[in-house]
Amino acid sequence: MATLPTFFRKTDGGPGGPQVSAAPKPEVVRAKQDPFQLRPLPLEDVFFQSKAIDNTRLVRESDPRAGGRCWSAIGAACLALALCAAGLAPRMANRIEGYKLEGIKNEERRLVDQRRALQLQEAELLGPRQLEQIAKDRNLAPPSPGQVVNLEPRSEGAMAMAKQ
Amino acid sequence: MVDRRLAWLAGIGFIWIAAILCGLIRLQVVRHAELARMAQARQETAREIAAPRGAIFDRTGQPLALSVPGKSVYINPLKVDIDAASDLLSRVFHLDRAELRARMSQARERHRGDLPVKRRITDEEQQLAARQPVGYIDVREEKQRHYPNGTLAAHLLGSVDFAENGNAGIEKALDRELRGAPGKSMVLQDVQGRPIDSRLAAEAKPGEPLTLTIDERLQYVAEREIAAAVEAHGAASGSVVAMDPNTGEVLAMASYPTYDPNLPPGPDDNPAARMDHAASVPFEPGSVFKVITLSAALETTNLQPESSIDCHGGVLRLPGRVIHDSHLGNGRLQMQEVLWKSSNVGAIEIGLRVGQENMYEYVRRFGFGQRTGIPLPAESPGRFRRLERWGKTSLASVSFGQEISVTTLQLAQAASAVANGGLLVRPRLILKKGSQAAPAGKPARILKPETAITMRRMMEGVVTNGTGSKARLAGYSVGGKTGSAQIYDYAARCYTHTYNGSFMGFAPSMNPAVVVVVTLNGTHGEAGFGGQAAAPVFKAVVSEALRILDVPKDLPEEPAKVFLAKAAVTDAPPVDSGYRQANILDDRDDDDAPGAAQPATPGPKAPNFRGMTQRAVLSEAFSKGLVVLTEGSGLASAQDPPPGAPLREGERISVVFTR
């Protein structure tokens with residue numbers, strides 16, 4: 001345990017044991033003429049003696065109720081912790097779910113945008129000019145009226161082509 | 001002494017604790033709401049909820065215009081070294097360096113600090129831009145309007161500016177419906193900016209999707225055919241309108257020259273390309289207008305299709321002008337022959353019997369001189385003088401389509417009235433707004449049903465016996481009227497020999513399913529007459545429309561050889577009257593002749609279909625490029641031409657199936 005002498009390091013002995021100094025007190029040498037010298041602090045010339053206390057012979061008196069009190073304290077602390085956790089847990093869970101929810105919302109926005117981009121791509125690929133070019137490449141020509149015979153129900157919007 | 005000090009210490013401690021408590025109460029109770037708001041403002045950020053502009057679809061659900069998020073590149077020209085930046089950016093974004101440099105210099109001169117370098121960059125370009133060791137490339141996410149089919153229906157759809165505000169066509173006319181209102185959500189963020197929670201501050205209202213009445217396939221064919229015709233005949237422009245005469249739904253509306261609405265207008269662009277010639281550019285209709293004159297005559301006079309009309313030998317002198325037909329020698333013609341041969345003098349004679357008031361009334365009834373009400377921002381009402389401003393020869397002029405200017409769309413509206421039995425149906429372009437069907441206007445009766453039927457019969461005669469032979473279709477009856485109006489030169493104050501060649505018709509003529517009007521502006525010579533230049537376009541568009549609409553044939557299949565033989569009989573070379581004066585109105589439409597017979601070219605031989613199923617027959621025919629007409633069901637038992645017989649071009653093979 002730190003004592004004031006050890007704290008201020010103004011002991012006249014080392015930390016190893018009591019060393020009563022037989023040496024004469026050092027004289028405070030001051031340049032009295034020095035106008036910039038700080039004035040001495042109060043009790044600057046007072047030194048403390050640090051003394052080691054040997055309390056190994058002391059024996060703690062047994063207290064049969066101390067264990068109970070200890071467990072009570074531990075129980076109370078655990079209860080307080082549990083109550084605290086119970087109070088904070090929903091907030092934490094909310095926050096974690098909030099992160100997840102916002103992540104999902106961002107994903108939804110991204111997917112909606114992606115769907116629109118794909119719709120655009122599909123529309124470009126299914127454009128009549130594109131289809132006509134493909135048909136020409138494959139030597140196909142648009143049928144004349146009445147040339148198309150629907151043996152099965154036709155799909156809406158499909159462009160019928162007949163081979164040239 | 002010690003007690004006093006302790007008392008002081010306790011007092012100071014008490015005051016300190018009291019001060020803290022006061023501060024806490026002030027913060028937690030008194031200023032709670034204000035501080036909570038401040039805290040929330042620091043932790044919450046407003047995020048815009050996108051409300052994309054409404055998409056535009058055709059009647060089959062194919063998208064014609066879509067808004068898709070994309071990325072654009074911007075720079076601040078005031079803060080970059082123009083040479084270095086144009087070098088780098090042109091390389092990264094595949095742009096023309098000189099052009100980019102010029103744009104940057106221009107922007108700097110104008111102190112413009114925000115220059116779009118390229119819109120709609122690709123992912124690869126974005127990644128490449130991110131790797132560049134410069135800090136001035138600003139890649140921004142924007143909603144961008146795309147027209148997936150490029151020039152298709154460009155004049156109908158219009159375009160938008162950089163802020164997605166409509167600036168032409170449907171995009172402008174229905175901008176309010178198409179434009180969405182973005183919403184706002186407040187997002188609670190943690191210290192790292194990760195969103196924890198969000199609440200809706202303002203709901204987003206996406207733009208309303210529109211479904212148009214046009215059919216993408218028919219629109220494409222109309223645009224392809226009119227473009228080819230304009231180029232082939234050296235015309236300045238052309239337009240086509242295809243319309244359902246019963247509902248007024250516009251199935252196709254094409255205009256040429258055209259433009260790509262995906263691209264912003266450039267300084268070198270042809271301004272005519274952005275003009276909608278079908279609805280915004282009126283012209284003198286010429287002989288197609290005789291349909292109106294004859295309709296008025298049937299309703300207001302005792303004239304009948306067989307009534308005799310004195311055509312004065314093809315020449316009629318009016319105060320200050322001479323009108324003549326190119327077919328000189330037309331003495332007396334039946335009224336229906338006036339239409340078939342497109343006699344100007346005959347039309348004037350009929351118009352004179354109708355009278356000014358009645359003529360004016362009927363022209364107005366057919367919707368000329370007024371907008372049709374189609375939702376296009378620049379629709380022209382045409383020009384038609386009020387009756388009190390008519391001159392001495394105005395009645396004569398109007399009778400055969402002069403002194404009046406109309407749009408192709410107005411002609412389609414008028415032709416629809418004849419086709420549907422006498423009801424004026426306003427053209428419709430919007431089929432659905434969102435999921436709600438757009439209400440159709442109430443049709444108005446302008447002709448008696450019997451008048452409309454008589455007109456349809458007479459117009460069918462134009463195709464079978466008159467000037468519109470090139471509009472004839474195999475398997476369908478077609479009614480129509482050709483027009484070849486000379487274009488007036490305002491500088492020389494006379495009519496020139498450039499023409500507005502037009503054809504107005506419908507099919508099948510007894511129960512019309514589609515009306516098509518074709519106009520070519522600025523054609524030259526006889527090949528530019530309506531019957532020569534516009535009728536083939538009509539034929540191609542109507543043919544496609546009838547196929548798409550699945551309209552059953554109303555005429556028996558005519559073998560090719562019979563058709564060709566008949567055409568050869570009715571063929572007559574154009575007659576040149578040789579009578580030309582600058583101020584003489586000349587409609588040489590009469591000279592339109594049916595197509596000449598083509599010599600039969602030897603083709604492949606007919607395969608043997610006997611014993612095959614219908615599916616197998618069709619499959620083999622398709623694989624060989626042959627056209628097969630089937631009858632009955634079961635297995636093929638007979639065919640015409642027989643197996644091994646040589647086939648001519650276009651010849652069909654009839655196959656009979658029996659069980």
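In this predicted model, P128(A), R129(A) and E132(A) of helix α3(A) meet E216(B), Y220(B) and R224(B) of helix α9(B). Contact here means heavy atoms within 4.5 Å. Helices (H or I, at least four residues) and strands (E, at least two) are DSSP runs, numbered from the N terminus. By class, this contact of α3(A) with α9(B) holds two nonpolar, no polar and four charged residues. Ala, Val, Leu, Ile, Met, Phe, Trp, Tyr, Cys and Pro count as nonpolar, Asp, Glu, Lys and Arg as charged, and the others, Gly among them, as polar. Two packed helices are described by the angle between their axes and the distance between the axes. Axes are lines fitted to C-alpha atoms, for helices over the stretch in contact, and angles run from 0 to 180 degrees between N-to-C directions. Angles under 35 degrees count as roughly parallel, over 145 as roughly antiparallel, 65 to 115 as roughly perpendicular and the rest as oblique.

Residues are numbered from 1 along each chain as its sequence is written, while chains are lettered from A and ligands numbered from 1 in the order in which they are written. Local features of this predicted model need pLDDT of at least 70, side-chain atom pairs count only at pLDDT 80 or more, and totals for chains, interfaces and linings use all residues; side-chain values use heavy atoms, with hydrogens and water left out.

Helix α10 (residues 290–300) packs against helix α12 (residues 344–354) at an angle of about 40°, and the axes are 9 Å apart. That angle makes α10(B) oblique to α12(B). The crossing is left-handed, a label used if the near helix is turned anticlockwise from the far one by less than a right angle, with right-handed used if clockwise. From α10(B), the contact takes in K290(B), T293(B), L294(B), A296(B), A297(B) and T300(B). From α12(B) come N344(B), A347(B), I350(B), G351(B) and V354(B). Six nonpolar, four polar and one charged residues make up this contact.

Chain B also holds an open sheet of three strands, in the order β1-β8-β9. The pairing is antiparallel; two strands pair if DSSP finds at least two bridges between them. β1 (44–49) and β9 (195–202) stand at the edges with a single partner strand each, so one side of each is left without a neighbour in the sheet. Neighbouring strands are turned by 30° against each other on average, direction ignored. Six bridges join β1(B) to β8(B), which covers residues 183–189. R47(B) stands opposite S185(B) in β8(B). Helices from both chains lie across strands of this sheet. Helix α2 (residues 66–125) of chain A lies across β1 and β9 of chain B, at about 60° to β9(B). Helix α2 (residues 32–43) of chain B lies across β1, β8 and β9, at about 55° to β1(B).

Another three-stranded open sheet in chain B has the order β28-β31-β29 and mixed pairing. Its edge strands are β28 (627–632) and β29 (635–640), each pairing on one side only. The twist averages 30° from one strand to the next. β29(B) and β31(B) (residues 652–658) run antiparallel and are joined by five bridges. Q639(B) has V655(B) in β31(B) as its bridge partner. Helix α19 (residues 614–624) of chain B lies across β28, β29 and β31, running at about 170° to β28(B).

Several local features fall in loops of chain B. The loop between β12 (250–256) and α10 contains N262(B). A polar atom of the N262(B) side chain lies 2.8 Å from the backbone nitrogen of Y147(B). Neighbours within four places in sequence aside, N262(B) is in contact with R120(B), R145(B), H146(B), Y147(B) and G150(B). P257(B) also sits in the loop between β12 and α10. The peptide bond from Y256(B) to P257(B) is cis, with omega near 5°. The bond from A507(B) to P508(B) is cis too, with omega near -20°. P508(B) is placed in the loop between β24 (494–507) and β25 (514–524). H111(B) is found in the loop between α4 (97–109) and β4 (115–118). Phi of H111(B) is near 55°, a positive value in a residue other than glycine.

How values were computed
A polar contact is a pair of N or O atoms within 3.5 Å; within protein, one must be able to donate a hydrogen and the other to accept it, and residues adjacent in sequence count only if both atoms are side-chain atoms.
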